[in-house]
Amino acid sequence: MILQDRVAIVTAAGSGIGRGGAEIMGRAGAIVIATDLVAARAEETAQRIRQAGGRAEGLALDVTDDGAIEALIGGIAKRHGRLDILHNHAGIQVEGSLEQVPAKGLDDSYRINVRAHFVAAKAALPHMKRQGKGVIINTSSNSGVFFDKGMLAYITSKTAVIAMTKQMALDYGPFNIRVNALCPGWVDTPFNDPYIRQMGGRGAIESYVKERIPMGRWASVEEIAESILYLASDRSSYMTGHALVIDGGESIA
Ligand SMILES: NC(=O)c1ccc[n+]([C@@H]2O[C@H](COP(=O)([O-])OP(=O)(O)OC[C@H]3O[C@@H](n4cnc5c(N)ncnc54)[C@H](O)[C@@H]3O)[C@@H](O)[C@H]2O)c1
């Protein structure tokens, strides 16, 4: 199996894309540490991986807590003797234009979408350097590669994730640590509920998806999970500093 015995930590793995990525890595042989703000969700992901014959544990982790991130990553690396994959997935969406987004909304977006990725990557780095190998996946969005009305805090922070990813890739390529950004388009998870309300409900989003996305449909979690497996595994062994967009063509339309 392509990830046999690799140790993988995933943040926000208790739902949606994070869960899908954790599960596909589990099926590929990884030992998955599924973390989430909500402990029960993390444990449910781990249980699903174990029920499918994989190895996983579920742990609570709020990515706004630097100390908790450092303790969790240090603890896992110590206990397993290594850390091969870090998928920084947690993120928030604060909608609105300049007049609508409070300064706190921008701060919160940076804190979870950018700073938490930074803190976790920093904590993972010594272990990956020691091993002479490692993979970091930073979740951005296709909102990191194009612009959209009324999305100031989200687009600004998701663009920053890509910039930070490229800079990390540049600095740590010599250590054989690959860093790439995951840029999904529309995936029908609870994450979009506030945005769907803002757009005017289910009917409005379904028409948008049909008309504005060249492929005319949502992505499934499984389709994004395939890209996570690709970035996490040696299938992408010469790829670093890349922003992998999986959005049915929305960003080029
Ligand atoms: N769903 C989409 O259409 C889409 C598209 C592009 C990018 N993304 C990105 O994917 C990520 C999440 O999306 P999803 O669809 O998997 O969401 P989801 O709503 O299915 O899951 C989000 C998970 O994040 C957890 N979480 C929330 N705050 C947290 C915190 N402070 N610390 C740790 N965990 C926390 C929640 O408990 C939940 O389990 C975000 O980074 C988002 O920007 C999503």
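Alanine 30 sits in the loop between helix 1 and strand 2 (31-36). In this predicted model, alanine 30 has 28 C-beta neighbours inside 10 Å, so it counts as buried. Leaving aside neighbours within four places in sequence, alanine 30 is in contact with Leu3, Arg6, Ala8, Met25 and Ile85. Methionine 215 is 185 residues from alanine 30 in sequence and 32 Å from it in space, C-alpha to C-alpha.

**Overall fold**

- The protein chain holds 8 helices and 7 strands.
- Its radius of gyration is 17 Å, close to the 18 Å that the globule rule gives for 253 residues, so the chain is as compact as a globular protein of that length.
- Along the principal axes, the C-alpha trace spans about 50 × 35 × 35 Å.
- Of the 253 residues, 47% count as buried.
- Among contacts with a separation of 6 or more, 73% join residues 24 or more positions apart.

**Nonpolar cores**

- The largest nonpolar core has 65 residues.
- Ala8, Val32, Ile73, Ala124 and Ala232 have the most contacts inside this core.
- Helix 4 (residues 103-131) gives the most to the core, with 10 residues.
- What does alanine 232 touch, not counting residues up to four places away in sequence? Its partners are Leu3, Ala8, Met25, Ile85, Val135 and Ile137.
- Leu3, Ala8, Met25 and Ile85 are on the contact list of alanine 232 and also on that of alanine 30.

**Domains**

- The domain assignment gives domain 1 (7-184 + 220-246) and domain 2 (189-218).
- Contact between the domains involves 6 residues of domain 1 and 6 residues of domain 2.
- On the domain 1 side of this contact, the classes are 2 nonpolar, 3 polar and 1 charged.

**Ligand shell**

- How many residues surround the ligand? The shell has 28 residues.
- The closest are Ala12, Gly16, Gly91, Thr189 and Phe191.
- Helix 1 (residues 16-27) gives the most to the shell, with 3 residues.
- By class, the shell residues divide into 13 nonpolar, 12 polar and 3 charged.
- Domain 1 (7-184 + 220-246) and domain 2 (189-218) each supply at least three residues to the shell.

- Most residues other than glycine have a negative phi.
- Alanine 12 has a positive phi of about 50 degrees, although it is not a glycine.
- Alanine 12 lies in the loop between strand 1 and helix 1, and is among the residues closest to the ligand.
- Is alanine 12 buried or exposed? It is buried, because 30 other C-beta atoms lie within 10 Å.
- Aspartate 5 also has a positive phi, near 65 degrees, in a residue other than glycine.
- Aspartate 5 is found in the segment before strand 1 (7-10).
- With 12 C-beta neighbours inside 10 Å, aspartate 5 counts as exposed.

- Proline 194 is placed in helix 6.
- Proline 194 has 13 C-beta neighbours inside 10 Å, so it counts as partly exposed.
- Not counting residues up to four places away in sequence, proline 194 touches Gln93 and Glu95.
- Proline 194 and glutamate 95 are 99 residues apart in sequence. In space they are 8.5 Å apart, C-alpha to C-alpha.
- Glycine 201 lies in the loop between helix 6 (193-199) and helix 7 (202-212).
- Glycine 201 is exposed, with 10 other C-beta atoms within 10 Å.
- The C-alpha atoms of glycine 201 and methionine 215 are separated by 21 Å. Along the chain, these two residues are 14 residues apart.

Technical notes. Residues are numbered from 1 along each chain as its sequence is written. This is a predicted model: local features need pLDDT of at least 70, side-chain atom pairs count only at pLDDT 80 or more; totals for chains, interfaces and linings use all residues. Helices (H or I, at least four residues) and strands (E, at least two) are DSSP runs, numbered from the N terminus. The radius of gyration is taken over C-alpha atoms; the globule rule is 2.2 Å times the number of residues to the power 0.38. A residue is buried if 20 or more other C-beta atoms lie within 10 Å of its own, exposed if 12 or fewer, and partly exposed in between; C-beta atoms are placed from the backbone. Two residues are in contact if their C-beta atoms, placed from the backbone, lie within 7 Å. A residue is near a molecule or strand if its C-beta atom, placed from the backbone, lies within 6 Å of it. Ala, Val, Leu, Ile, Met, Phe, Trp, Tyr, Cys and Pro count as nonpolar, Asp, Glu, Lys and Arg as charged, and the others, Gly among them, as polar. Domain bounds come from an automatic or database domain assignment. A nonpolar core is a set of buried Ala, Val, Leu, Ile, Met, Phe, Trp, Tyr and Cys residues joined through C-beta atoms within 7 Å.
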